[in-house]
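Here is a model to go through by question and answer. Each answer sets a value against its definition.

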Amino acid sequence: MSTPGTPVIGVLALQGDVREHLIALAAADAAARSVRRPEELAGVDGLVIPGGESTTISKLARLFGVMEPLRERVRAGMPVYGTCAGLIMLAEKILDPRSGQETIGGIDMIVRRNAFGRQNESFESAVAVTGVEGGPVEGVFIRAPWVESVGAEVEVLAEHDGHIVAVRQGTALATSFHPELTGDHRVHALFVDMVRASRSEGARVSAP
């Protein structure tokens with residue numbers, strides 16, 4: 001059970017490695033729960049969009065009626081963290097979208113799907129991420145996208161082989177890789193801190 005100081009963070013549970021994110025968030029001292037429907041989204045302070053297939057996540061988000069509520073919450077400043085396919089979902093533009101593919105938006109970036117290669121070209125690499133202390137994190141890249149370009153308000157947090165693989169814009173965070181698959185919860189801890197900061201800011205704004 002969460003305490004008043006514990007942020008409640010959802011994981012969009014339409015497809016992908018939901019369980020691993022729930023475990024990582026709990027290890028980073030958040031109250032983690034699955035989110036599939038608008039009423040579940042309304043009950044969280046922040047949201048993780050996991051890896052998987054971005055086209056499928058897009059279609060299922062529309063099917064479950066959660067796409068527009070997601071866009072509204074992100075526009076309103078809800079903290080959100082996307083990994084791999086989740087990074088694609090947070091992009092304003094995809095260079096090579098599938099037919100009918102939609103994004104949530106939230107980060108002023110252009111992304112390329114499957115940029116690092118196919119499934120059999122998956123790899124792991126140490127990635128130094130700005131804002132994450134204690135040395136590089138181990139990045140797991142599985143059919144991973146990269147960020148082709150970013151807008152002026154986007155902070156580039158990490159690169160790999162000259163390509164952008166982690167970004168932040170305000171309360172939105174995204175990585176091309178999967179930190180939830182490594183047992184290293186420092187990137188999730190960074191996001192939990194972002195959610196805590198957002199809650200504190202909201203409390204100050206609403207105070208008389």
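Predicted model: local features only at pLDDT ≥ 70, side-chain atom pairs only at ≥ 80, totals over all residues.

Q: How much space lies in the largest pocket?
A: About 160 Å³. The volume is the space filled by probe spheres set on grid points, which are joined across faces, edges and corners. On a 1 Å grid over the protein atoms alone, a pocket is an open set of points with protein on both sides within 12 Å along at least five of seven lines, and lining residues have an atom within 4 Å of a point. The closest to the pocket centre, of the 13 residues in the lining, are Gly52, Glu53, Cys84, Ile142 and Arg143.

Q: Why is Met78 called buried?
A: Its relative accessible area is 4%, and buried means under 20% (exposed is over 50%, partly exposed in between; 1.4 Å probe, protein chains only). Met78 is therefore buried.

Q: What makes Leu41 and Thr171 contacts of Met78?
A: Contact means heavy atoms within 4.5 Å. Leaving aside neighbours within four places in sequence, Met78 has such contacts with residues including Leu41, Val44, Arg73 and Thr171.

Q: Why does Arg71 count as buried?
A: Arg71 has a relative accessible area of 15%, so it is buried.

Notes. Residues numbered from 1 in each chain as written. Heavy atoms only, no water. 1 Å grid on protein atoms, 1.4 Å probe; cavity = no way out; pocket = protein on both sides within 12 Å on 5 of 7 lines; lining within 4 Å.
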